[in-house]
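Subject: Structure handover

Hello,

Here is the structure I promised to pass on. Please open it first, then read my notes below.

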Amino acid sequence: MAYESVPLDQFSEKFSSLTELSSVAIGGKVVSVSDEFFAEAYHLLLVEPAPSLKGQFGPNGALYSGWESRRHNPNYDWCIIKLGTSGTILGFDVDTTHFNGNEAPEVSVQILNNTADQPPTESDPRWVEVLPKVPIGPTARHLFAIPETTCANYVKLNMYPDGGIARFRVYGKVAPVFPSDTSQLFDLAHVFAGGLVEFTSDQHFGVGSNLILPGRGKDMGDGWETKRSRQPGHKDWVIIKLGAPATLEQVEIDTAHFKGNFPESVELHALKVDGNVDWASTKGETEDWTLILPRSKVGPHRQHYFMLENVKGKIYTHVKMTIHPDGGVKRVRVLGYRAGDVPNSTTQPTTLRVPSGIADARRHVELDSTATIIPALPLTPEAFAPFGQVVQAYGDHAAAPKGTKITPANAGTASKFHKEALLESSYDPAVGATTGLSVYRCNPVQLSADRVLPLHVLERHPYTNQAFIPMGKGSGEGLVDPGVVYLVTVAKNGKDGRPDLTTLRAFVATAAQGIVYNTAVWHQPMTVLDKPMDFTCVETQIGNGDAADCEILELDASSGLYKIQVPKV
């Protein structure tokens, strides 16, 4: 059986373009083991390097972060591992760090692909040896490259005759998993879809490959984090190869657990290339990148949702995320469709939150020949910033936008979030405009069965901004139910004084969020979903509301009907 012993300084060259298929971070787990008397085998798959536990003892003896069996085994010890996802295998890292005098002298590795519900046993005749018995030494990492195997989802690590191993990592290529429904929007960057982080400018504190893992992680250690920059204009970036050539629609950028070290802003570019790219030689700098998300601010410890630009009718294979000037990001979800899967229709969200798994359930929507579908994404301060401000409290104060002043109030029984939005008015003082509070009682709109809402009317207030603060469910009891939602649809003002419909965006806000429209921002009249709601409106008016206060525009359906895909709540 052919194999190559790889020097540690060649790790990046041999393994950086591969995925750690065995990692507990993607669901790898130990399913059975011959013996783990001194140290349990689950340690083998942990993400973090093995720490020294020197001088610490338990009931069975000295403690080690690794797998250690009893002495004097006449045969060999073994450990069966289910990989986090199926794939072909090209190498292993057998790490004996801190095992000195009690390390395993030799190891071998076997694999199989098991489709049965029950895991394979130690004596299963289907096991195939891919790494023959090789010697290993104390307190060192031992890297082995092998010819690419067939697809497998189980690995058996054998050590002869007994002893200890700190970590065991299996490197290979993911067998991509795609939705069976080809019209289903899903995360093309996800590790299970075959996404791969191919290049990072810096990964001093956290590696780039964490960005495409399942879930939202457990702490700052399982995200991508760069070192602090000291030079003006600095930026860092990461290049992700998508699991398949794709048309793209949305992105989720998650800064979970990064509370004081999140980036100031991010931007995304996309590229279509054939074959492999030597990013190390170009550092990812090429004029062929297309901007798909302009530089946008992000906040701490939150999920951010953005529609992408310059993606209609285009196919991309790679996405580059640039962060300014540095910092940490937990996950990146790039939602779209495999090339050619949705030629004459589109799908949009039917759930309020974008899940962090590989596939996000979507309802199929047939398009009119001239229709444009705008997905309503969860409302966040950063995505709404071009149009206005979001007014809300934060249970975790560290998740509030940077610069928010927060002080104790009401004898310590409350927290005050100061001036999240300021009132504006450009009326001539001679007209006698005044600022006051009004109340809107809004009944829910009637939605079609597929929850698509045609957009017929937009309005704006040319001389003042306008705030809407939810009061309750509209039944007079004054209770605010965060589960009650409303729709916020906005567009920037165009050069001709009409809406620039290329900037049209839709958001779903909860009853725990108020919104402030910037002066002259076009918006759909207040649109409540599913249940009645009351709003306090803070507005500046001439008298009780003159025609100059509000400009209403009916959209011309003959030039293309715009529709909002409303999420199911």
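This is a predicted model: local features need pLDDT of at least 70, side-chain atom pairs count only at pLDDT 80 or more; totals for chains, interfaces and linings use all residues.

Start at one pair of residues: Ala433 has Ile542 as its bridge partner in S39.

S30 and S39 (residues 533-542) run antiparallel to each other over 10 bridges. They are part of an open sheet of five strands. The order is S27-S36-S33-S39-S30, and the pairing is antiparallel. Which strands form the edges? They are S27 (388-391) and S30 (433-442), and each of them pairs on one side only. From one strand to the next, the twist averages 20°.

**The cores**

The largest nonpolar core has 89 residues. Five of them touch the most other members: Ile89, Phe168, Leu248, Met321 and Phe384. S17 gives this core its largest share, eight residues.

Ile89 is worth a look on screen. Beyond four places in sequence, Ile89 is in contact with residues including Leu21, Leu83, Ile111 and Ile146. Its contacts also include Val155, Val170, Tyr171 and Gly172.

**Phe262**

Where is Phe262? It sits in the loop between strand S17 (236-254) and strand S18 (265-271). Is Phe262 buried or exposed? Its relative accessible area is 14%. Buried means under 20%, so Phe262 counts as buried. Gly327 is 65 residues away along the chain, yet the two C-alpha atoms are separated by 4.9 Å. Phe262 is in contact with Gly327 too, and with Asp326 and Gly328. Val298, Gly299 and Pro300 are also contacts of Phe262. Thr255 and Lys402 complete the list, which leaves aside neighbours within four places in sequence.

**Arg460**

Arg460 lies in strand S32 (residues 457-460). Why does Arg460 count as buried? Because its relative accessibility is 11%, and the cut-off for buried is under 20%. The side chain of Arg460 makes a polar contact with the side chain of Asn493, at 3.2 Å. Arg460 also touches Gly497. Further along the chain, Arg460 touches Ala520, Val521, Trp522 and His523, then Asp549, Cys550 and Glu551. Residues up to four places away in sequence are not counted here.

Best wishes

Methods. Residues are numbered from 1 along each chain as its sequence is written. Side-chain values use heavy atoms; hydrogens and water are left out. Helices (H or I, at least four residues) and strands (E, at least two) are DSSP runs, numbered from the N terminus. Buried means under 20% relative accessible area, exposed over 50%, partly exposed in between (1.4 Å probe, protein chains only). Contact means heavy atoms within 4.5 Å. A polar contact is a pair of N or O atoms within 3.5 Å; within protein, one must be able to donate a hydrogen and the other to accept it, and residues adjacent in sequence count only if both atoms are side-chain atoms. A nonpolar core is a set of buried Ala, Val, Leu, Ile, Met, Phe, Trp, Tyr and Cys residues joined through side-chain atoms within 4.5 Å. Two strands pair if DSSP finds at least two bridges between them. Axes are lines fitted to C-alpha atoms, for helices over the stretch in contact, and angles run from 0 to 180 degrees between N-to-C directions.
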